[in-house]
Amino acid sequence: MNNQCGTSPIVGFRFTLSPMTSDFVSVIKGALNETDLQNVWRHTDDVSTVIRGRSEHVFDVAKAVLSHATKTGAHVSMSGTFSVGCPGDTTGDNLLDVTSELANGKVATQYVSSQFALYPLGDAEYMDIIYEEIDFAKARGVFNESMHYASGIHGDIEPVFSFYEATFDRVRAKTSHVVMTVTFSVNSPSHEGQNNA
């Protein structure tokens, strides 16, 4: 078994989109169809979707998919795992040579509540790295709360995704194999009027 971290800079995001509506199939398919996927490799199965490519394009597509899925006003959850440096990463490597120009760009204002956990794998100073990124979230104004096994991040979708992309890239500059799990919640009844923030 190969225990060495991968050397490819390709970033992956495997996610499950869960619209809380009986019409969930059209919401999921619609969100994927409305998102410009030209700069990422994508595969969807009966459980989840994976996208792979350069970091900026993976985060761009993830944000766009979530934004499109929330247009109906239905409560939508997206749970997924970002990863870089995984041993054996190859599929989609040709997309590392595409332009840095984003295919989707900014999305409409939308309140997002989320929770994330960061795993700088193989780094003996992993807790210091995690604490640095929590402080970074506080400095960016998106930190919500501390909790068991995760940290809460919230705010408008643009600064929330900007934080996640920045913190992921900051950690990958220090650690060769990085995993970050994130769960997003949009249009939840528990957001108490913040949905139009």
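Predicted model: local features only at pLDDT ≥ 70, side-chain atom pairs only at ≥ 80, totals over all residues.
The largest pocket holds about 300 Å³ of space. It is lined by 13 residues, and the ones closest to its centre are Ile130, Ile134, Tyr149, Ala150 and Ser151. Which elements supply at least two residues each to that lining? They are strand S5 (111–121), H3, strand S6 (143–147) and strand S7 (150–156). By class, the lining of the largest pocket has eleven nonpolar residues, two polar ones and no charged ones.

Now for the second largest pocket, with a volume of about 220 Å³. Here 14 residues make up the lining, and Ile28, Thr44, Asp45, Val47 and Thr49 are the closest to the centre. Strand S1 (11–19) and helix H1 (24–34) are the elements that give two or more residues to this lining, and H1 gives the most, with five. The classes in this second lining are seven nonpolar, four polar and three charged residues.

Let's go back to helix H3, which spans residues 126–140 and includes Tyr126. Tyr126 has a relative accessible area of 42%, so it counts as partly exposed.

On to the charges. How many salt bridges does the structure hold? There are eight. One of them pairs Glu132 with Lys174, where the closest N and O atoms are 2.6 Å apart. That pair links distant parts of the chain, 42 residues apart: Glu132 sits in helix H3, and Lys174 in the loop between helix H4 (157–172) and strand S8 (177–186). Glu132 is partly exposed at 38% relative accessibility, and Lys174 is partly exposed as well, at 41%.

Is Glu133 buried or exposed? Its relative accessibility is 0%, so Glu133 counts as buried, whereas Arg170 is partly exposed at 32%. Salt bridges with shared partners join Glu132, Glu133, Arg170 and Lys174 into one network.

Finally, elsewhere in the chain, Glu56 and Arg54 form a salt bridge at 2.6 Å, N to O, and Arg54 is partly exposed, at 22%.

Notes:
Residues numbered from 1 in each chain as written. Heavy atoms only, no water. Helix = DSSP H or I, 4+ residues; strand = E, 2+ residues; numbered from the N terminus. Buried < 20%, exposed > 50% of the residue type's maximum accessible area, 1.4 Å probe, protein only. 1 Å grid on protein atoms, 1.4 Å probe; cavity = no way out; pocket = protein on both sides within 12 Å on 5 of 7 lines; lining within 4 Å. Points joined across faces, edges and corners; volume = space filled by probe spheres on them. Nonpolar A, V, L, I, M, F, W, Y, C, P; charged D, E, K, R; others polar. Salt bridge = Lys/Arg side-chain N within 4 Å of Asp/Glu carboxyl O.
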